[in-house]
Amino acid sequence: MATAVLATCCASALLSGCSGGSVGSPEKETAGIVDETASYEDGLLPFGIEGVVSDAPVIEVADSAEETFLEDAWSFGGDYSDIGSFPLDGNTVFGSHSDDADDVASYAAALLKEDGVETLEQLPDDPLRYYEPQDGSGNADRVVWRSSLVGETAQMFADDWRLQVWDAERGEVRTLGTSQDIDGRTTFQAYGDVVPTMNEEDVYFSTAMQDGDAWRAVVVSCELSGSGCGIVAEGGYPAAVDGGVLFAKRAAEDGEPLGFSEVSLLAAGEETTLLSIVPDGSSWRVSGVWAHGDKCAVAFSSDESTAGSYIGVWDDSFATSVAWLHVEAPTVVASMNEEWLVWGSGSQTEHAEMYAFDLNEDRIALLGVAPGYSRPAIAQDSNAVLLPVYGGPSDPVRFEVGMLPSF
């Protein structure tokens, strides 16, 4: 059956002149530099960070979460015909739809609504050129998503991707670029959960390129104007911000999970390192980057899966440490808007709880448990949330859409 990876919404404001931003061409003194975090020195974090203030207390999520139910909820799915990705608002979800769920090449990108479905694209006449819609981000005005080529021959680790954008005002879908545009051949799957993310000018994505007998992770940029795509940096986990992109860099050479040791900002053609894990050689890795409005979040995971993950939350200049969240899952998949950070453990079957963190009040909500489908997503412009609902190993996943309540 076709599956869609739930999306992470990553558009944000970070640069000078933007609301809440202060990092146009970041200088070290504006990033709140410290040698090591107070939390690390006090033994609350198992790793150190250079480059940013990081003295917020550590919150044990499992001990602090309050069970919460969505308001004005409705549901869809449960039969594989409609697969949700992320909500545009409380009434509409971007995802994919099929009239024949037994045909893997029959899914089209769609707006899934409480009162029906609106497909956004026509399926190709040649099934060997079929791209299955998957991850995306955006809002009611514009959505960008990736899809992967599905053929008769399975390609282990291969990733023939395509990036497309739907514009509500124009009412049309445009293709921005494909993996063939980048390398002239098949690329490889990027490590971790990567979704396309955009600002007003560009879409950012991550893939893996062959480099001799090895591969390297790269950040790809495609202009929304349709002017083309290109590699802009080495690294992964891009999170678009006004005028540029945050991303993880310096891939670890060994250890599992593979990850990165730094977070950088690329803006106006200049790359600036914002934070680094210390000491060098730490078993901890950057395993996710998200941003929206005046907040940013970075996930850290270890070679030791039993150590769980830490999510650090900062303001958009990384000058104020908002919170540290410790979860039991070894990696996390997150989604973010101006008020909430929501996350789960992705396709993992253990530690499959889904949570929401109030960015302004430090409150944590437990949203449910979905083994294998723990991927909540929140709308960019409202507190509408999409939750997978797990009914058992033999039942297709169902999706619930509703509003996070005010505490």
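Analyst: What follows starts with the sheet and then moves to single residues.

This is a predicted model. Keep that in mind throughout.

Start with the sheet. How many strands does it have, and in what order? The open sheet has 5 strands. Their order is β3-β30-β29-β28-β27. The pairing is mixed. Now look at the ends. β3 covers 66-67, and β27 covers 333-336. Both stand at the edges. Each has a single partner strand, so one side of each is left without a neighbour in the sheet.

Glu66 has Ala365 in β30 as its bridge partner.

Next, the charged patch. Which residues form the negative surface patch? They are Asp141, Glu169, Glu200, Glu201, Glu338, Glu339 and Asp381. Is Glu201 buried, partly exposed or exposed? Its relative accessibility is 44%, so Glu201 counts as partly exposed. The reason is the cut-off: partly exposed lies between under 20% for buried and over 50% for exposed.

Now the backbone angles. Asp72 is not a glycine, yet its phi is positive, at about 50 degrees. Asp72 sits in strand β4, residues 71-77. With a relative accessible area of 68%, Asp72 is exposed.

Phe318 also has a positive phi. The value is near 60 degrees, and Phe318 is a residue other than glycine. Look for Phe318 in the loop between β25 (309-315) and β26 (321-327). Is Phe318 buried or exposed? Phe318 is buried, because its relative accessible area is 1%. So Asp72 is exposed, whereas Phe318 is buried.

Asp181 belongs to helix α3, residues 179-183. At 48% relative accessibility, Asp181 counts as partly exposed. Where does Gly230 lie relative to Asp181? The two are 49 residues apart in sequence. In space they are 8.0 Å apart, C-alpha to C-alpha.

Note on methods:
Residues numbered from 1 in each chain as written. Predicted model: local features only at pLDDT ≥ 70, side-chain atom pairs only at ≥ 80, totals over all residues. Heavy atoms only, no water. Pairing = 2+ DSSP bridges. Helix = DSSP H or I, 4+ residues; strand = E, 2+ residues; numbered from the N terminus. Patch = residues over 30% accessible without salt bridge, like charges linked within 9 Å, V, L, I, M, F, W, Y side chains within 5 Å. Areas by Shrake-Rupley, 256 points an atom, 1.4 Å probe, with all protein chains shown as cover. Salt bridge = Lys/Arg side-chain N within 4 Å of Asp/Glu carboxyl O. Lys, Arg positive; Asp, Glu negative; His and termini not counted. Charge placed at Lys NZ, Arg CZ, Asp CG, Glu CD. Buried < 20%, exposed > 50% of the residue type's maximum accessible area, 1.4 Å probe, protein only.
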